[in-house]
Amino acid sequence: MKAQPLSPAPGAAAGLLRRLLQRRSGPVRKPRVLALVTWAYIAWSIVPVLIAIQFSFNAGRSVSVWQGFSLTRWYWGDPVNSVWHDPALQHALIQSLKLAGLDMLVATPIGVLLALGLARWRGYGARPANFLMLFPLVTPEIVMGVSLYLVFQYVFTFIHPSTAAQVLGQVTFSISYVVVVVRGRLFSIGRDYEEAAADLGATPWETLRLVLFPLLLPAVLASLMIVFAISIDDFVITQWLSCGAGCDTIPIKIYSATRAAPLPSINALAAIMVYCSLAAVVLAFVCYKLLTRSESSADSTQAAISSVGAFDL
Amino acid sequence: MSGGSISLVDLTKRFGAFTAVDGISLDVEQGEFFSLLGPSGCGKTTTLRLVAGFESPSAGQIRVNGEDMAQTPAHRRPVNTVFQNYALFPFLDVFDNVAFGLRRARVPKDEIRRRVGEALELVQLQTFSKRRPARLSGGQQQRVALARALVLKPAVLLLDEPLGALDAKLRKQLQVELKALQEQVGITFIYVTHDQEEALTMSDRIAVMSNGRVEQVGPPREIYEVPKTVFVADFLGVSNLMAGSIRGYDEHGRYRVEVGGFDLRAARGAHSLIGDVKVTIRPERVRLQADGISGENRVPGTVERWVYLGNAMQLIVKLANGEAIQALIHNTGEDSPFAVGSRVCVHLPEQALRVLPVSASSHSGTTSGTAQVRERASERRPSSVRSGVNETLVARTGPAGE
């Protein structure tokens with residue numbers, strides 16, 4: 001704007017000049033450069049995804065040349081190659097949702113119990129255990145994947161590469177995310193409520209059921225959604241423990257298809273994954289907000305963002 | 001509802017190498033309003049948590065109505081707690097919060113409804129029963145916490161700085177209400193606070209704590225008027241503490257004590273102290289007189305600072321021996337004759353001068369309780385003073401539910 005010498009009207013020019021001058025007055029300047037860099041990064045990271053999604057609506061068979069808009073062709077309109085009608089893609093979608101569902105159901109309860117134990121464990125070993133809980137989060141996934149593969153191959157030989165093995169692998173590292181989220185919530189609610197419950201005569205079991213569980217519910221829902229999001233997204237571990245074509249998930253399918261001759265149906269599959277992940281995160285955020293609305297509002301938004309954002313660790 | 005008694009016997013709590021509660025022994029009688037007073041870190045809250053059952057003692061006994069409860073889990077003890085931050089369950093409304101304990105005790109439904117109603121009436125929150133705690137003010141939340149604990153008719157109610165989070169005005173008001181409520185329901189209260197004024201105005205007896213030990217136990221007036229240690233004298237109100245040394249007794253049996261070159265007479269303090277001591281006097285008992293007056297217990301000095309407090313004037317006077325001393329003068333509306341820099345005569349009345357042993361009794365918990373101090377002037381507190389204040393507030397509501 002500054003570089004434009006010919007302003008449409010002198011009044012506007014004066015106004016612009018005044019604003020530029022005003023910007024320099026006052027002790028606190030707006031962080032314009034920071035904002036610029038931030039928006040540039042956001043554009044850089046989102047635009048490719050948006051383009052990929054755009055081509056899932058391509059009317060033609062190209063994934064690089066825009067041939068017109070078709071809302072449904074590659075989702076279910078095309079009788080042969082759409083996600084809905086191509087058995088391989090359909091199977092990948094179902095396999096992904098199946099893994100995500102099982103991962104949620106298994107990892108979340110275990111993670112919640114682990115978090116309870118870790119957060120309320122006072123004594124020797126509590127600190128290292130709490131720290132080691134982060135280990136799966138920082139271990140390179142390829143290491144985790146190959147290790148699990150070798151373990152199943154040579155030690156626990158009764159576990160064959162299969163859907164079950166994939167679930168086991170995903171559960172192994174999703175638990176950490178659940179623990180981090182739930183433990184954070186436990187720390188933020190403190191011990192007071194538990195002590196109050198015990199003080200009022202609640203047994204430990206009643207305390208867990210009547211006080212801790214309602215307080216943890218938002219974190220539990222957030223965990224469910226996070227586990228869903230990371231499971232849908234997982235490639236490395238899922239691939240290592242795959243039983244072949246029958247175990248292919250969306251990411252695996254996209255990966256192999258892109259190397260061959262991709263159709264926009266692959267974009268549609270990818271787009272579905274994005275929708276699912278987004279829906280999971282938004283749902284988690286909304287649940288957290290709704291369930292913690294009775295607590296002080298400023299805190300709960302922060303907590304919601306940080307706990308929902310935890311899967312991006 | 002009738003109060004229970006609590007006896008702590010050599011109660012000790014260690015956290016690793018740190019001893020938070022160092023072998024304290026206390027007896028709290030039935031229906032008593034008993035305060036644990038001390039600076040932060042003195043072990044008062046830990047003591048309360050031990051009684052509540054949130055911590056296990058390292059040694060010692062906690063007797064409730066004579067029965068040792070040291071190993072009993074919190075949910076089986078006949079005591080209830082009002083937490084500093086109230087710890088009201090945010091997902092339950094006021095009614096359900098108050099009913100929580102009754103439901104755990106499997107009390108029949110209609111009795112729950114009746115007793116919760118009575119408890120809410122007691123704290124004047126009948127109309128708020130369907131509200132969530134987040135939609136109540138701090139003072140209202142405090143009352144709910146109180147109702148939630150009182151509804152269970154505990155033998156002893158434990159209160160952990162329950163007024164700490166409220167603003168000064170509301171705190172004053174609730175102090176009076178809380179004391180009236182306690183007298184009305186007759187439950188034994190153990191009240192933890194670091195606010196000496198709060199402890200003085202509400203308590204039947206106070207235990208002043210420091211470093212995990214009890215420094216002194218007694219009624220408010222005794223604690224304030226007859227401190228047995230330097231710590232107690234210093235912690236309650238403002239005390240002028242001057243280093244001195246005993247020179248013997250005069251013909252009236254008063255201490256002759258030398259403070260910075262001046263020979264003073266002190267009529268208060270424990271028997272048979274010798275050597276180095278601390279001499280203390282409350283600022284409100286220091287008299288300022290015109291320069292030049294001489295006589296017993298009179299020390300010349302210069303007014304160094306002059307602070308306007310509203311109802312009083314605080315003067316800091318530098319004595320000729322170099323010690324600075326605080327004096328409090330009531331604001332009578334007349335101009336004070338003592339301007340900054342002017343020379344004055346400081347009168348330290350012998351009846352207000354107290355001699356204390358230099359090293360506080362913090363080496364052994366027992367000395368503060370028993371061995372020391374048969375007081376010269378018998379100082380009995382007229383009990384009518386406090387109850388007169390409360391009379392007006394007591395008659396507000398009916399009994400909490402018998």
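## Basis of the description

This is a predicted model, in which local features need pLDDT of at least 70 and side-chain atom pairs count only at pLDDT 80 or more, while totals for chains, interfaces and linings use all residues. Residues are numbered from 1 along each chain as its sequence is written, chains are lettered from A and ligands numbered from 1 in the order in which they are written, and side-chain values use heavy atoms, with hydrogens and water left out.

## Chain A overall

Chain A has 14 helices and zero strands, where helices (H or I, at least four residues) and strands (E, at least two) are DSSP runs numbered from the N terminus. Of its 313 residues, 41% count as buried; buried means under 20% relative accessible area, exposed over 50%, and partly exposed in between, with a 1.4 Å probe and protein chains only. Among contacts (heavy atoms within 4.5 Å) in chain A between residues at least 6 apart in sequence, 68% join residues at least 24 apart. Chain A exposes about 17300 Å², of which carbon and sulfur atoms supply 71%; accessible areas come from the Shrake-Rupley method with a 1.4 Å probe, and for residues only the protein chains shown count as cover.

On the surface, Phe131(A), Leu132(A), Leu134(A), Phe135(A) and Val138(A) form a nonpolar patch with about 550 Å² of accessible area together. Such patches are made of residues with over 30% relative accessible area and no salt bridge, with like charges joined within 9 Å and nonpolar side chains (Val, Leu, Ile, Met, Phe, Trp, Tyr) within 5 Å; a salt bridge is a side-chain nitrogen of Lys or Arg within 4 Å of a carboxyl oxygen of Asp or Glu. Helix H5 (126-132) and helix H6 (135-138) of chain A each supply at least two residues of the nonpolar patch. Val138(A), found in helix H6 of chain A, is exposed, with a relative accessible area of 64%.

Thr249(A), in the loop between helix H11 (236-240) and helix H12 (250-259) of chain A, is buried, with a relative accessible area of 2%. Not counting residues up to four places away in sequence, Thr249(A) touches Ala92(A), Gln95(A), Ser96(A), Leu99(A), Asp234(A) and Thr238(A).

## The six-stranded sheet of chain B

In chain B, six strands make an open sheet in the order S6-S7-S8-S3-S9-S10, with mixed pairing; two strands pair if DSSP finds at least two bridges between them. Its edge strands are S6 (79-82) and S10 (213-218) of chain B, each of which pairs on one side only, and the twist averages 20° from one strand to the next. S6(B) and strand S7 (residues 156-160) of chain B pair in the parallel sense over four bridges, and Val79(B) has Val156(B) in S7(B) as its bridge partner.

Helix H4 (residues 138-150) of chain B lies across S6 and S7 of chain B and runs at about 175° to S6(B), where axes are lines fitted to C-alpha atoms, for helices over the stretch in contact, and angles run from 0 to 180 degrees between N-to-C directions.

## A covered helix

Helix H2 (residues 94-104) of chain B is mostly covered, with nine of its eleven residues buried, among them Val94(B), Phe95(B), Phe100(B) and Arg104(B). The buried residues of H2(B) pack against helix H9 (192-199) and helix H10 (204-233) of chain A, together with helix H3 (109-122) and H4 of chain B.

## Hairpins of chain B

Strand S11 (residues 240-249) of chain B and S12(B) pair in the antiparallel sense over four bridges, and Tyr249(B) has Tyr255(B) in S12(B) as its bridge partner. Their hairpin has five residues between the strands, and Gly253(B) takes a positive phi near 85° there. Five bridges join S12(B) to strand S13 (residues 262-266) of chain B, and these two strands run antiparallel; they form a hairpin with two residues between them, where Gly260(B) in the turn has a positive phi of about 50°.

In a regular strand the side chains alternate between the two faces of the sheet.
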